[in-house]
Each structure stands twice: as C-alpha cells, then as structure tokens.
Amino acid sequence: MDLLSSTIWYWVILAVTGIVSGVLGYVFGKSDTSSSSDKSIELNILEIENAKLKSDLETCRKRLDSDHTKSFKFDSKIKFSKNEDFVFHVNEAKAIFGKSIKENDLKLIEGIGPKIEELFHNFNIKTWKSLSETPVDKCQEVLDSGGSRYRIHDPASWPMQAKMAYEGHWEQLFDWQEKHRAGKY
C-alpha cells in the first residue's frame, strides 16, 4: 500500500498544481487583457483630445492672422503727413497720454521697455524717426541680439507706432495702443 498511496499522492499533487497554475494563468491573462484594452481606450481618448487641441490651435492661428490683418487695415486708415519739420510738443503728448512724454523715448512704443530700448540704442536706433524707418526684419535682428528671452516680443508694429510718435499723431497712437494692449491692464 505504500507504493499505491505514494502514486496516488503523486497524481493528486500533480492535479492540484495543474489546477492552481491554470487558475493563476487565467487570472493573470485576464488582467493583462483588461489593462491593455484600458490602455487602448486611454490612447484613443488622448488621440481625440490631441485632434481637438490641433483644431483649436489652427482656429487660434486663423484668428491671429485675421486680427493682424484687421490691425493693419486699421493702420492703413492712419494718414501720415510728409512734414519733415515736425516739432515735438510735450504738452500735446501729455494731454493725450496723461503722463509726461520725453522726445524720442522708445519706451513709449507698446512692447518696448528699458532693456529693449537699450538693445536698439546699441544698434544706433535712438529716435522715433530712425525706428520708424527701420524694417521689421532689422527690429527682429535687434531683439535676437538680446538672446532667447526676447523671443516673445513681436516688433511688427513698432516702426508704425514710432512713425505716429515722430509725426505727432498722439491720439491715433494712444487709440492704437489701447486697442492692442497685449493683455496688460
């Protein structure tokens, strides 16, 4: 009986091991399938969100392009005189802006602060007239000379604003700056 009982125990242990292995394999297999299907669902959701964000970005770019077009249409309404004998009247500028304005202060231009003014001075652009005659490409070159921290600035309107200041169109300059404040309050 010892031989017979040991053989039975051998088969019982083998059967229990097989059953336990089968159950564990099923459980692990099932959990991997559900997590991979969860991952594929999550991937699909992320792809949909990505498509929506791309669409929103494209919409924003189109709006930005149309806003630039509108601002330039607005700019085209400004009548510039050919008066070479412009005389700066500090009181007129102060009456419009509500603060003292210094002649040829480049910081009057929306988007130019002390550091950017210094960059322009390094390129010998020190007056409203010289800035008004500077192409936008050159303005961008001046910004690029300051390093990566100046990348966020857009000099597209700076020559136009400088021309308004140089020719004494204070109301037009003030109105334009109010309309294009760039989120500053």
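Predicted model: local features only at pLDDT ≥ 70, side-chain atom pairs only at ≥ 80, totals over all residues.
Good morning. I shall begin with the overall make-up of the chain. The protein chain contains seven helices and zero strands. Read from the N terminus, its elements therefore follow the order α-α-α-α-α-α-α. Of its 185 residues, 23% are buried. Let us also consider the contacts whose partners have a separation of 6 or more. Residues 24 or more positions apart account for 58% of these contacts.

I turn now to helix 6, which covers residues 158-166. The buried residues are W158, P159, M160, Q161, A162, M164, A165 and Y166. After helix 6 comes G168, which has a positive phi, near 80 degrees.

The next element to consider is helix 7, residues 170-179. The axes of helix 6 and helix 7 come within 8 Å and cross at roughly 150 degrees. An angle over 145 degrees counts as roughly antiparallel, and helix 6 and helix 7 are therefore roughly antiparallel to each other. Their crossing is left-handed. Which residues make this contact? From helix 6 there are M160, Q161, M164 and A165, and they meet W170, Q172, L173, W176 and Q177 of helix 7. By class, six of the residues in this contact are nonpolar, three are polar and none is charged.

Helix 7 also packs against helix 2. Here the angle is about 30 degrees, and the axes lie 9 Å apart. Angles under 35 degrees count as roughly parallel, and helix 2 and helix 7 are therefore roughly parallel to each other. The crossing of helix 2 and helix 7 is right-handed. On the helix 2 side, E92, A93, I96 and F97 take part, and they meet W170, E171, L173, F174 and Q177 in helix 7. This contact has six nonpolar residues, one polar residue and two charged residues.

A further pair is helix 3 and helix 5. Their axes are 9 Å apart, and they pack at an angle of about 110 degrees. Angles of 65 to 115 degrees count as roughly perpendicular, and helix 3 and helix 5 are therefore roughly perpendicular to each other. Helix 3 passes helix 5 in a right-handed crossing. In this contact, I116, L119 and F120 of helix 3 meet C139, V142, L143 and S145 of helix 5. Six of these residues are nonpolar, one is polar and none is charged.

Finally, I come to the interior. In soluble globular proteins, nonpolar side chains tend to be buried together. In this model, the largest nonpolar core has 27 residues. Within this core, the residues with the most contacts are L108, I112, F120, W128, L131 and W170. Which elements give two or more residues to this core? They are helix 2 (90-97), helix 3 (114-122), helix 4 (128-132), helix 5 (136-145), helix 6 and helix 7. Helix 6 supplies the largest share, six residues.

If neighbours within four places in sequence are left aside, L131 is in contact with L106, I109, I112, F120, I125, C139, W158, P159 and A162.

Notes
Residues numbered from 1 in each chain as written. Heavy atoms only, no water. Axes fitted to C-alpha atoms, helices over the stretch in contact; angles between N-to-C directions. Helix = DSSP H or I, 4+ residues; strand = E, 2+ residues; numbered from the N terminus. Left-handed = near helix turned anticlockwise from the far one by under 90°. Contact = heavy atoms within 4.5 Å. Nonpolar A, V, L, I, M, F, W, Y, C, P; charged D, E, K, R; others polar. Core = buried A, V, L, I, M, F, W, Y, C linked by side-chain atoms within 4.5 Å. Buried < 20%, exposed > 50% of the residue type's maximum accessible area, 1.4 Å probe, protein only.
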